Amino acid sequence: MVNEEKSFPIEQSYINLAIVETKEQHEKEKKLKEQDQKAKEPEKQQGFSLEKQHGEILSTYEEIYGVKTSIDVENIFQQCKDQTKKVFILGRAGIGKSTFCQYVTYRWAKGELWSEYKLVILIRLRRLTDSRYPPGKRYSVNHLLENEYFPCDELSHEQIKHFKELCNKGQVFWILDGYDEFAQNIPEQLKDVFDHVRETQHHILTSRPYAIESSYDVKLEITGFTNDNIVKYVQQFFDQITKEINNDSSEIQKLLRLLKKNSSIWGVAHIPVNLELICSLWCNNDWKKTTVLTLTVLYDNIIEWQCRRYLTKKNINHEYITKSDVYDQCNAELQFLEYLAFKGMECNKIMLTPAILNEAKDDLKSVAVNIAQTLKMGILKSYDDTATGTQNQTEKQYYFVHLSFQEHFAARHLLNILKSINNNIAINFINNNKYNQRFHFVFVFAAGLLAQSHYKSCIDSFWSTFQGEPLDLVGIKHTKIVIACVDEFIGQTTHPQSRPIQRSISKWLEFCASHNTDAIRQHLIESLQQTNCLLNTTFIQSTFLKLLESKDPNKKRDVSRFISKLQITEPIPRLQSNILAALADADSVVRRTACETLGNFGEKAATNEVIAALVNVMRDDNYYVRSAAHAALGILGERATTNEVIVALRDALRDSASRVRWGACKALGNLCDRAATNEVILALLDAVRDDDGDVRCGACQALGKLSEKVATNEVIPVLLDAVHDGNSDVRWCAREALEKLGEKAATNEVIPVLLDALRDGDSDVRCGACETLGNLGERAARNEVITALVNAVGDVNRNVRREACETLGKLGERAATNEVIAALLNAMRDGNADVRGDAYEALGNLGEKAATIEGFVALVNELSGTISDADHIYLNECLVRVMCSFDEMKQLKSETVEKLFYFIRNVTQFDLTPISLEHMSKVFLDSGIVRWLGLVAYVALLQGIAVTVKGSCIWIYDGKGSLEFNSDRPELLASLIEAFGNQKSAIECGWSSMQGSDN
């Protein structure tokens, strides 16, 4: 965590990162370069506008960061072509590379990952220094193990020997973290051992992108959080904090609203370290009492943290120095980034070429800029689209990790000019560009920065320039940019300049109230919805009060609608009282919008008086008003969870209007466990059978949210029934609710109900039961469940058979019974290809646990039959996975081995690389079955392995290195040597002559 005094167990705090192929990410980054080209040739694009271009740029960043699907940790080796698994994982500073390494190591230690390895070793490469590994000595892998994990103990000779054996057998997996910190200064005495690990051992190597090398076939990139994982992280973060400081749970929703409503913050929140900083700032109670989380404060804190991280890398102690001192220490780097950002914005450049970098360095002659060091701050990301790639960092192109960072640094540069003797340059820039959409956030950030002591001298000149000529002759564009700027400004300081600006905004509010101008109202609503502070000022709220006093019913309606669209989170007492009184207004539109406004006020407005009034409104004659009251109570959250509210919402589930019933379902779901009374659950179960599809959806969703408290023996049958609803949305909601039940509900309650469902007359119900049992995983591996699933493998419905096979593969070791294996082997002959594929995959997942003699023989016999190409792929994978872990192959009869060899030799797409030649050779030597000889020799050929004879021993040379192989039965060893020789002779004489050499 950023706060190093706090720590939480990794399994409670880790959220999966998005991992994508580097090639895929590279393609996305190309779009940023294309945006530059578009901006240069606007005349060639129909309907071009700067606002549209800005939106396209932000959507491109969203595509880069907002990964919807990614590669699972379990599958990162799938693309490895060599027997030795090597994966290069890239990621910029703060993206979570080191945390990822720690997490996968932890999961391996718990037996949840990569069980094929006996040992996983995590090495922080930055620790491999001269001081810890003195020159003048030759180091090996066992020295790395001793120094990093047993610095105070000396390993015995037997332990070292065993460790080397594991390395030679490929049973050790290395995680080498931080190549970028190591590559430029590898100690000479460690080069050989580092190269040895990289060339011969299974491993992952992590690095920032600028240290990339091209020697890896598999390159993946950690891009940060997905959109869904941002929400999960925030919830998990506050769950931990709440346990310590009793934090208000409503803060989660407030923060998520802030993130989602601002595209810039949402973009940078995909970077884990940034999101942690955002959460940490938000829950800092002392800080929240004095200010709010503005864009500028957020970015300033992120940059300060990046600077401190950068100083740590340079071994500069920053623990007891202020932010101002930190910025002084990084002054050269910050000036370079500020100038670069501003120059890029001026030239309409996102992708910054080497020429721009060098030009910026030349223009800043008074500042000693080290570009290579600046690139290590984590603010810029490299992009190399040359044909061959380059290792010279100054020859690559760069872009700011998000457009908003470029805009923030550009704003800092603008204010530095404004306070200099050349301030006329900044004044001219503001005058020429204040209505240019491309610079909108540059000015917003500049307004926010004015609150800092470093820039306070610019306050008067900035606002006088901004409010001075040339002014927008129309007025609305000026008002929108002023709203954004003043909101950022007053969020951090009080200054006389803000009052006349607020007065000018209130004039526009009054104009909208007195004229039928929906278009202008919408402009103002969109701008005000983006604000954090302006709507909470007494001046603006007093303006709303004045407008609400209108005697004109149409005007009052319009003002009420306008206010209901806005998030006023700190209403003054007079405004709250006015809105509360409006619940009794004669006009139904005013009553409805009053409900919506009270909901927008949030939990601070959830007084007993407000709640009682909303409960009363739930009996309103107008169903739109009733629905709005339900929604408001759902938003008000915990403070609105009184018995009276819950009873009223439960009764609303029987309302004559479907819109009201749907709203009640949604509100009850939002109240979560606090609403999980028996009466509410029964009412929601009735609602799952409602005539209206939206109501049925809402009821399923609410039951899913209440899943930890519901009586599952009553709920599951109803949801299983909803799985085959005629409405596809209802079916989806029901499946999602069942999945949540499978994750959270007590197993003892769930399983009996699901077993009954497996005997249901409806195939969709049986499918849903299988799927939910699969979500329970090994917790469901009971005898009665396994028996029921074995029966389901023979179900008349193919979808049920598929789900049953898939679920059996998820139940783990306890499911590897003779009955299960027999059922899956029988399913391999199913008339449906999808069922056969799931059966093969299930057997493969069970691995060595499913490797009985009978099962293996059945697999081989299956190979001898007539099967499709698609089945070959599934069956091959299954057979190889079983062969890798099956120690009883020596018991196979000669004819079975012959069938196996015949099939392998005649199938072109049979990947035998996972099978160890040593393992196969031992099978022959242990069994003495001559039929194994041809297969052993052929495996060596397919894997490109060299075999030599030295005295009475065989030496095997594979991708992991060399291995000495011996036997106490010299006659069998001689036969094995002869088999290798016969195969080579046959190849040299022609493949046809080899056909008779099987024996």
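A salt bridge is taken here as a side-chain nitrogen of Lys or Arg within 4 Å of a carboxyl oxygen of Asp or Glu. The model is predicted, so that local features need pLDDT of at least 70 and side-chain atom pairs count only at pLDDT 80 or more, while totals for chains, interfaces and linings use all residues. Residues are numbered from 1 along each chain as its sequence is written, and side-chain values use heavy atoms, with hydrogens and water left out.

**View A. A network of salt bridges that includes Glu338 and Arg412.** Asp300, Lys323, Glu338 and Arg412 are linked by salt bridges into a network, and a search of the whole structure finds 24 such bridges. Glutamate 338 and arginine 412 are both buried, where buried means under 20% relative accessible area, exposed over 50%, and partly exposed in between (1.4 Å probe, protein chains only).

**View B. The salt bridge between arginine 802 and aspartate 838.** The two side chains meet at 2.6 Å, N to O, and the pair links distant parts of the chain, arginine 802 belonging to helix H41 (residues 798–810) and aspartate 838 to helix H43 (residues 833–846), 36 residues apart. Arginine 802 is partly exposed at 29% relative accessibility, whereas aspartate 838 is buried, with a relative accessible area of 9%.

View C. Glutamate 148 in helix H5 and arginine 132 in the loop between E3 and H5 are 16 residues apart, and their side chains form a salt bridge (2.6 Å, N to O). Glutamate 148 counts as buried at 13% relative accessibility, while arginine 132, at 26%, is partly exposed. Leucine 128 is found in the loop between strand E3 (119–124) and helix H5 (141–149) and is buried, with a relative accessible area of 6%. Leaving aside neighbours within four places in sequence, leucine 128 is in contact (heavy atoms within 4.5 Å) with Ile123, Tyr133, Leu144, Glu148, Phe182, Pro187 and Leu190.

**View D. Helix H12, mostly covered.** Of the 11 residues of helix H12 (residues 272–282), 10 are buried, among them Pro272, Leu277, Cys279 and Trp282.

Conventions: Helices (H or I, at least four residues) and strands (E, at least two) are DSSP runs, numbered from the N terminus.
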